Each structure stands twice: as structure tokens, then as C-alpha cells.
Amino acid sequence: MRKRLTIENYKNGILAGDRIILSQAITIIESGLTQDRKLASELLHEILPATGNSLRIGITGVPGVGKSTFIEALGKHITSLGKHLAVLTIDPSSKRSGGSILGDKTRMEQLSHDPLAYIRPSAANLSLGGVARNTRETILLCEAAGFEVIIVETVGVGQSETQVKGMTDFFLLLMLAGAGDELQGLKKGIMEMADAIAINKADGDNKTAAALAVQEYTNALHLFPKSESGFESKVVSCSALEQTGISDIWNIILAYQSSAKTSGFLYKNRQSQNLEWMYEFIRQTLEMSFYGKPLVKKALRTVEKSVVSGSELPVKAAQDLLDLFFREDILD
Ligand code: GDP
């Protein structure tokens, strides 16, 4: 195990905005080692009073829609206003390729050299959705380090959008014109979650199609029930490449923030996100403990086979495994 600093060192370093210490602290948060978990939990407790002051933005869209190009353009706009920006990327492919960490850094070339910006790509810990838990904690660390805007990027895969929606204030969906909804892997639920939809690549020959898409999605959004925040979701077009429409999107985000603050929704939303976080943590911990039990591990494969072959009903199989879990618990 690498040498660790004291809690006090981490805390002071983070509060002073020291990025090296911040990065080290995030690594501890992401670590699975028991000792590190304890350190992480104490550290989070220590920095808690300095958290909560950022604007948290979630950005999603299918691979190729232009997320990194867009985040770079929006990020440069945000830092040009003198704001400190942290970008947290969640990359489900990193587990498979094992090498996207560097890849991610170079994806946002300009931003990575911007003194006001901090980019942290995290390898997705796919097991039991651990990604979400760590990202929430990373957001808190970044806030304590003085970042005023935090962007959480996610590739539109599985449950990741719901998770990111559950930890941010504003959720932006990037889309393309004319690609067809199935092609974009678009689930109605994701559109419904979005506070804004931006049709990217509205440049060159694609401008007219983008304008049409804006119209279509605006109409589609009208069919959805009004969002809890009371904010009417916006649809706009932009070109991340040519950097057009970017400041409009930033202004929409600011308008949202202002209205959600005034109405109290911002605060209320974060309260319910915290509750959800607690329940999620309980679920994950129980699940990890269940699958980690030797008796369960040993029986799992055989039980799986009987369910697949139809010789055992799923509910009975689950009950047998749970019995093993509880029995082992008593034996512990
Ligand atoms: P990601 O996979 O969603 O992160 O997408 P990237 O940002 O890597 O972009 C995918 C490709 O689309 C790259 O070749 C970009 O240069 C291109 N791209 C991104 N934004 C735009 C845009 O606004 N207009 C055009 N024409 N191309 C873009």
C-alpha cells in the first residue's frame, strides 16, 4: 500500500486547493482497502462544512455525440468567466480496456491545460454500481477544494444516467439531429429527466436538420408532465466544434440555478439526493456482503444452473441462497 498522509494533511491540502493532494484523496476514496475506507470516511466528515457550494451539472449522451468536445467548449466558457471548474468523467469502458485514464485526459486537451480547470477521469468500478458512490464523494472533495462548478460526465449506458441525475443539480442531454431515436439509444425516461437537451453538431450542412430537431424535441417535451423543479426544460442547438450556442446553454443553466434557488427546489432536491445516497449505500453494502460470503459464493454457480435449466424456481433458489447467507452470518 502506498504511503498515506495524515487526515490533517489531506484536509489542509484540499482546503488550500492543492490538486495533487486532492487527486491523492480521490484515489483513497476510490480504494477498496478497508484502511483507506476508514480514512476516506473520516476525511469526508472533516471537510463536510466546506462542501455544497458548487453548481453540479450532469452531462450525458451516446458515444460520439460530442461530449468531450462539448465539455471542453463549455468548460472554457466557464473558466473564461473566472470560475473554477472540476470535470469528473465516468467511463464504463475503462474497466474493459483498462486504459482510458490517459485517453480521457487527452480527450479534453485544452481544458486539461487550463489553470482554472481540473479533470478527473475515473475508471468505472462496475461492481454493484460503485461508480455512483465514489463520484458523490469526489464531488464533495472538489467542492471543499474550491471548485465552483462541477461537471459529471457519463456515457449513456445502463443506469448511469439515473445515477448521475441523482447527484447533480442540472442534467443536460446531448443529442444529434436526424440520427433516429433508437440509434441514439434514447429512452423516454432519460429525456424526461433532462433539464435541457442540446442538439450538438449544428454546423455546416447539419444546421437545418438541427433546427428541425429542436422543434421536434420541444414538441415532444410538451407531452411530458411538468418537472418537479417547476423549470420548463429547454431544447437548443449548438456546435461544440465551432463553439456556437455554448454561452446560451450556460445561461440556461444559470437561469435554472437561480429559479431553483429561489423556489427552494435546489436545496430540497439535494436533501432527497442525500437520503437516496444513504439507502443506496445500505443496498450496496448488503449486496457486497451477501456475494462476499464463502458459502454463498460456493453455491451460486450450481443454483444459477438449476434456475437456468428450470429445475428450480427463481424465488426458491434465491431463498436458499439467502438462507445460506443468514446461516453463515450466525456461524460468523
Ligand atoms: P464523445 O464520444 O461523446 O465524447 O464525443 P467526442 O467529443 O469525442 O466527439 C466525437 C466526434 O464528433 C469527434 O470527431 C469530434 O470532433 C466530433 N464533434 C464533436 N462535436 C462536434 C460538433 O459540434 N460539430 C461537428 N461537426 N463535429 C463534432
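This is a predicted model: local features need pLDDT of at least 70, side-chain atom pairs count only at pLDDT 80 or more; totals for chains, interfaces and linings use all residues.
Local features were taken at pLDDT of at least 70 and side-chain atom pairs at pLDDT 80 or more, whereas totals for chains, interfaces and linings use all residues. Residues are numbered from 1 along each chain as its sequence is written, and side-chain values use heavy atoms, with hydrogens and water left out.

The ligand is surrounded by 15 residues, each with a heavy atom within 4 Å of it. The closest are Gly64, Lys67, Thr69, Asp203 and Ala240. By class, the shell holds five nonpolar, six polar and four charged residues. Here Ala, Val, Leu, Ile, Met, Phe, Trp, Tyr, Cys and Pro count as nonpolar, Asp, Glu, Lys and Arg as charged, and the others, Gly among them, as polar. Helix 4 (residues 67-80) gives the largest share of the shell, three residues. Helices (H or I, at least four residues) and strands (E, at least two) are DSSP runs, numbered from the N terminus.

Polar contacts are pairs of N or O atoms within 3.5 Å. A polar side-chain atom of Thr69 lies 2.5 Å from a ligand oxygen atom. A polar backbone atom of Leu241 is 3.1 Å from an oxygen atom of the ligand. For Val65, a backbone N or O atom lies 3.5 Å from a ligand oxygen atom. Taken alone, the ligand exposes 580 Å², of which the protein buries 69% (Shrake-Rupley method, 1.4 Å probe).

The second largest pocket contains about 290 Å³ of space. A pocket is an open set of points on a 1 Å grid over the protein atoms alone, where a 1.4 Å probe fits, with protein on both sides within 12 Å along at least five of seven lines. Its volume is the space filled by probe spheres set on the points. The lining comprises 15 residues, each with an atom within 4 Å of a point. Closest to the pocket centre are Leu221, Phe224, Pro225, Glu232 and Ser233. Helix 10 (188-193), helix 11 (207-222) and strand 7 (234-237) each give two or more lining residues. The largest share, three residues, comes from helix 11. The lining divides into seven nonpolar, four polar and four charged residues.

Lys201 counts as partly exposed because its relative accessibility is 33% (buried is under 20%, exposed over 50%, partly exposed in between; 1.4 Å probe, protein chains only). At 54% relative accessibility, Gln243 counts as exposed.

Notes. A polar contact is a pair of N or O atoms within 3.5 Å; within protein, one must be able to donate a hydrogen and the other to accept it, and residues adjacent in sequence count only if both atoms are side-chain atoms.
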